[in-house]
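Biologist: I am new to this structure and would like to learn how its features are read, one at a time. Could you take me through them, with the general idea before each case?

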Amino acid sequence: MEYREEGTKREGFRGERMIVLPTEAFAEYAAHPLVRRMYLTDVGFFPRAKRHYRERTEGIEEYIFLYCTEGRGSVEIREKEGYGWKKYPLGQREAVCIPAGCGHRYYADEKNPWSILWVHFKGEDAQLFPLEQCMVAHFASEHASNRMLFLFELLFRVLEANYTLGNLIYISQVLELILAETYYREKHNTTGEQNKLVTSVIRYMYAHVQENLSMEQIAEHFQLSKSYLHVIFQKYTGRAPMEFFTRLKLTEACKLLRSTDLYIYEVAHRLGYQDPYYFSRCFHKEVGISPKEYRHSDYAYLEEGGE
């Protein structure tokens, strides 16, 4: 139903808007510093897009930005390594960007089909935004949503005018603002939400302290990118996620060494360390003394949460 490859429409949606920018229209301006940084090739709006489905198994050379104004749908993106697909549900006031060159498919929910604003774009500045992370951005307030609608309306209005250098520069700036609004503008209550998220991750770590969790497992469980998880964890705990998890393990080890008669290798195994010598090295590095020394001392470094 989206028709950018053919340039003709077989079936549309009532009230839809779509503009495909002819390549020849901006070819002579493409080298301009303010145009080559970011320019779009297609933009559109599909309201209440029942049975909307699009699939490109090999991807395209542009990035595809989707913003859902109402209803629901899903975006599936092929993982770069292997043949698996990762699904990103998309609801009202949520946006996601499909990286250039990534196989993908997206479709409206059967019972509550989405209305989506979308734009295809590329340019030098694309690398300055976290577009490769495929994270869903949520706009919590109506004001934020209205800003996004306003910015897309600007794109439509300018593209419905003449394809001049000035208009193409203006479009480039609006497109950058759309991405900045999505990824870099401080969201309302962002700090509180991040704090709650870190608390949830820590609780998850506690529940799995006897396992060998990886960064990938934690990020996947909470549907976060590894880089975002690292940033917010460093911000609120002062430690990287896996460093924090190791500290939790060793804190639990301290408790077991003092409150049980378990052998050191049994303590190690209970906390997911198959090699007791590796466990002892980690313990000594973090605590400052060996597990055996800790058991027979009055030292309470980790239990007291000291540095």
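Modeller: A charge is taken to sit over a ring if NZ of Lys or CZ of Arg is within 6 Å of the ring centre and within 35 degrees of the ring normal. Here the charged end of Arg-17 lies over the ring of Phe-156, 4.3 Å from the ring centre, and Arg-258 is placed over the face of Tyr-294, at 4.2 Å from the centre of that ring. Please keep in mind that this is a predicted model, in which local features need pLDDT of at least 70 and side-chain atom pairs count only at pLDDT 80 or more, while totals for chains, interfaces and linings use all residues. Residues are numbered from 1 along each chain as its sequence is written, and side-chain values use heavy atoms, with hydrogens and water left out.

Biologist: Which residues form one aromatic cluster with Tyr-294?

Modeller: Rings of Phe, Tyr and Trp (its six-membered ring) pair if their centres lie within 6.5 Å, and planes under 30 degrees apart count as stacked, over 60 as edge-to-face and the rest as tilted. The cluster consists of Tyr-273, Tyr-278, Phe-279, Phe-283 and Tyr-294. By this rule the structure has 14 aromatic pairs; one of them is the tilted pair of Tyr-273 and Tyr-278, with 6.1 Å from centre to centre and 45° between the planes. Phe-279 and Phe-283 make a tilted pair too, at 6.0 Å and 55°.

Biologist: Is Tyr-273 buried or exposed?

Modeller: Buried means under 20% relative accessible area, exposed over 50%, and partly exposed in between (1.4 Å probe, protein chains only). Tyr-273 has a relative accessible area of 7%, so it is buried, whereas Tyr-278, at 42%, is partly exposed. Both Phe-279 and Phe-283 are buried.

Biologist: How many strands form the open sheet, and in what order?

Modeller: Strands of a sheet pair through backbone hydrogen bonds, either parallel or antiparallel. Strands (E, at least two residues) and helices (H or I, at least four) are DSSP runs numbered from the N terminus, and two strands pair if DSSP finds at least two bridges between them. In this model six strands form the open sheet, ordered S1-S2-S9-S4-S7-S10, with antiparallel pairing. The edge strands, S1 (17-20) and S10 (137-138), each pair on one side only.

Biologist: Why is strand S4 described as largely enclosed?

Modeller: Seven of the eight residues of S4 (residues 63-70) are buried, so the strand is largely enclosed by the rest of the structure. Seven bridges connect S4 with S9 (residues 115-122), where Val-119 is the bridge partner of Phe-65. Five bridges pair S4 with S7 (residues 94-98).
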